[in-house]
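Q: Hi! Could you walk me through this one while I have it open?

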Amino acid sequence: LGLSRQTVQQTADGLARDGFITYRENPHHRRAKLMQITAQGAQALEYVQAQQQAWAEQISGGQAPEDLAAALSVLRAIRERLECNPSRPASKRRKNNETEPPEPDGH
């Protein structure tokens with residue numbers, strides 16, 4: 001996903017601080033803790049999933065299922081091409097504050 005270990009750790013620490021997860025010992029690794037969702041976290045996740053489902057149904061409402069399937073197929077094919085043969089990774093563009101790939105220089 002292009003996320004640094006520190007970013008993931010900060011996010012997990014925030015979830016723990018807010019009571020959505022707890023850390024527990026990992027029997028397979030001394031330093032890497034396991035995360036376990038709490039009842040509060042499960043309730044929040046359920047709420048978010050319901051909101052996402054309602055949003056998706058609102059956005060896709062009135063579209064023929066076969067049209068949605070075709071759109072999904074095209075998007076998946078594009079993603080595969082980008083993952084297999086990116087001209088320049090997005091993470092490098094972000095480091096240089098670029099939003100678009102550079103223009104070819106013609107050489």
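Predicted model: local features only at pLDDT ≥ 70, side-chain atom pairs only at ≥ 80, totals over all residues.

Q: Where do E83 and R79 sit relative to each other?
A: Both are in helix α3, which covers residues 65-84, and they are four residues apart. That puts about one helical turn between E83 and R79.

Q: Is E83 buried or exposed? And how about R79?
A: E83 is exposed, at 57% relative accessible area. R79 counts as partly exposed, with 46% relative accessibility.

Q: What about exposure for E25 and K33?
A: E25 is exposed, with a relative accessible area of 55%. K33 is partly exposed, at 39%.

Q: Staying around there, where is N26?
A: N26 is in the loop between β1 (21-24) and β2 (34-37).

Q: Buried or exposed, that N26?
A: Buried: N26 has 16% relative accessibility, and the cut-off for buried is under 20%.

Q: What does the side chain of N26 reach?
A: The backbone nitrogen of H28, at 2.9 Å. Leaving aside residues up to four places away in sequence, N26 also touches A32, K33 and L34.

Q: Which residues does T38 touch?
A: Not counting residues up to four places away in sequence, T38 touches G19, F20, I21 and T22.

Q: Which residue with a positive phi follows α2?
A: That would be G62, whose phi is near 85°.

Q: Switching to the helices: how far does α1 reach?
A: Helix α1 takes in residues 5-17, so to speak a run of 13 residues, and reaches 18 Å from its first C-alpha to its last. That is close to the 18 Å expected at 1.5 Å a residue.

Q: And how many residues does α2 have?
A: α2 has 22 residues. Its span from first to last C-alpha is 31 Å, close to the expected 32 Å.

Q: Back to α3 for a moment. Which residues make a nonpolar surface patch?
A: V74, L75, I78 and L82 make one of about 390 Å². L75 lies in helix α3, and L75 is exposed, with 57% relative accessible area.

Q: Let's zoom out. How many helices and strands are there?
A: The protein chain comes to four helices and two strands. From the N terminus on, the order is α-β-β-α-α-α.

Q: How much of the chain counts as buried?
A: Of its 107 residues, 7% count as buried. N26 and T38 are among the buried ones.

Q: What about the accessible surface of the protein chain?
A: The total is about 9700 Å², and 54% of that belongs to carbon and sulfur atoms.

Q: Last one: what share of the contacts comes from residues 24 or more positions apart?
A: Among contacts with a separation of 6 or more, such pairs account for 4%.

Technical notes. Residues numbered from 1 in each chain as written. Heavy atoms only, no water. Buried < 20%, exposed > 50% of the residue type's maximum accessible area, 1.4 Å probe, protein only. Contact = heavy atoms within 4.5 Å. Areas by Shrake-Rupley, 256 points an atom, 1.4 Å probe, with all protein chains shown as cover. Polar contact = N/O pair within 3.5 Å; in protein donor to acceptor, adjacent residues only side chain to side chain. Patch = residues over 30% accessible without salt bridge, like charges linked within 9 Å, V, L, I, M, F, W, Y side chains within 5 Å. Salt bridge = Lys/Arg side-chain N within 4 Å of Asp/Glu carboxyl O. Expected span 1.5 Å × (residues − 1).
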